[in-house]
Amino acid sequence: MVGAEHASGCVEYVGIALVGGAVQPQIAVHFHTTQIAWFALATGVVGTLVTPYVMKADDIFGRRQVMIVITVLGLIGDVVAAMAPNFGVPR
């Protein structure tokens, strides 16, 4: 089953990277920035760093509970990103 989950994650990353690559110029123009190179790679970096912990949590708490938590966290992240007034990170 782990192989199927990994394949699913790879397909998701490729899909996000393709869409991200297609909209990068529009995002850069909208936010008036040139710092957009990280955009397509962000999903892969986060996925690579989080996957071992998610797999361990899956073993401990069960797949259903872990998927619910991940989905809620993803939804919160999407809402925060959608509501962002600008591209910059506060310092």
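Reader: Hey, what counts as a helix or a strand here?
Author: Both are DSSP runs numbered from the N terminus: a helix is H or I with at least four residues, and a strand is E with at least two. This is a predicted model, where local features need pLDDT of at least 70, side-chain atom pairs count only at pLDDT 80 or more, and totals for chains, interfaces and linings use all residues. Residues are numbered from 1 along each chain as its sequence is written, and side-chain values use heavy atoms, with hydrogens and water left out.

Reader: Where does Asp 58 lie?
Author: Asp 58 is in helix 2, which covers residues 42–61.

Reader: Is Asp 58 buried or exposed?
Author: Asp 58 counts as buried because its relative accessibility is 15%. Buried means under 20% relative accessible area, exposed means over 50%, and partly exposed is in between (1.4 Å probe, protein chains only).

Reader: Which residue forms a salt bridge with Asp 58?
Author: Arg 63 does, and the closest N and O atoms are 3.7 Å apart. A salt bridge needs a side-chain nitrogen of Lys or Arg within 4 Å of a carboxyl oxygen of Asp or Glu. A search of the whole structure finds one. Arg 63 counts as partly exposed because its relative accessible area is 39%.

Reader: Okay, new topic: at what angle do helix 2 and helix 3 pack?
Author: About 135°, with the axes 7 Å apart. Axes are lines fitted to C-alpha atoms, for helices over the stretch in contact, and angles run from 0 to 180 degrees between N-to-C directions. Helix 2 and helix 3 are therefore oblique to each other. For the cut-offs, under 35 degrees is roughly parallel, over 145 roughly antiparallel, 65 to 115 roughly perpendicular, and the rest oblique.

Reader: Which residues in helix 2 and helix 3 meet?
Author: Val 54, Ala 57, Asp 58 and Phe 61 from helix 2 meet Arg 63, Gln 65, Val 66 and Ile 70 from helix 3.

Reader: Where is Ile 68 found?
Author: Ile 68 is in helix 3, residues 63–82. Ile 68 counts as partly exposed because its relative accessibility is 43%.

How values were computed:
Contact means heavy atoms within 4.5 Å.
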